[in-house]
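Let's take a walk through a protein together, from the inside out. Have a look at the sequence and the structure, and then read on.

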Amino acid sequence: VGRANLDGTGGDVDFINPGGAGTAVHMMLDATHIYWADPFTPSIGRAGLDGSDVDGSFITGGGDFYPLAVALDATYVYFADQGSSGPPAWVGRALLDGTSPEPTWIENGQPTFVLVGPEALYWAESYDGTIGRLLF
């Protein structure tokens, strides 16, 4: 995970190293942490905004876990889990502290992206080209 100043200066391509074979494919942040989806380890990683406390395996989901995207609200980390063996796959979630993971929370075709709005959770569905929605 890299970072730079907003004017493009001060680039640091190795700001956060998730370790191992980690590859951040999608990132999201809140006031204290940056989270990333890593389908290759497979896990959801997390670190402090200053690059400290790197945990490349913050949330894991088992043998068929293949997370592609993360989204956050005040309570949960949501993730699009495409599964390593194809449809069906899931939208999963865990508490912001990484506990109580529910990797198969919403069964779906092949979610590739998740987004949290003020009243709903949305996900892009690559299997049939639709957008899913769950109202809160």
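Which residues form the largest nonpolar core? Before you search, keep in mind that this is a predicted model. The largest nonpolar core is made of 12 residues: Y35, A37, I44, F58, I59, F65, V70, L72, V77, F79, A94 and L96. At least two residues of this core come from each of strand 2 (33-38), strand 4 (55-59), strand 5 (67-72) and strand 6 (76-81). There is also a second, separate core of 10 residues, with A71, Y78, V114 and W123 among them. In soluble globular proteins, nonpolar side chains tend to be buried together.

Now pick out one member of the largest core, A94. Beyond its neighbours within four places in sequence, A94 touches I59, T75, Y76, V77, F79, T99, S100 and P101.

Next, find G92, which sits in strand 7 (residues 89-95). Is G92 buried or exposed? G92 counts as buried because its relative accessibility is 0%. If we again set aside neighbours within four places in sequence, the contacts of G92 are V77, Y78, F79, E102, P103 and W105. From the C-alpha atom of G92 to that of A120, 28 residues away along the chain, the separation is 15 Å.

Finally, let's move to the surface. Here F113, L115, Y122 and I131 form a nonpolar patch, and together they have about 390 Å² of accessible area. One of these residues, L115, belongs to strand 9 (residues 111-116). With a relative accessibility of 46%, L115 counts as partly exposed, whereas G92 is buried.

Technical notes: Residues numbered from 1 in each chain as written. Predicted model: local features only at pLDDT ≥ 70, side-chain atom pairs only at ≥ 80, totals over all residues. Heavy atoms only, no water. Helix = DSSP H or I, 4+ residues; strand = E, 2+ residues; numbered from the N terminus. Buried < 20%, exposed > 50% of the residue type's maximum accessible area, 1.4 Å probe, protein only. Contact = heavy atoms within 4.5 Å. Patch = residues over 30% accessible without salt bridge, like charges linked within 9 Å, V, L, I, M, F, W, Y side chains within 5 Å. Areas by Shrake-Rupley, 256 points an atom, 1.4 Å probe, with all protein chains shown as cover. Salt bridge = Lys/Arg side-chain N within 4 Å of Asp/Glu carboxyl O. Core = buried A, V, L, I, M, F, W, Y, C linked by side-chain atoms within 4.5 Å.
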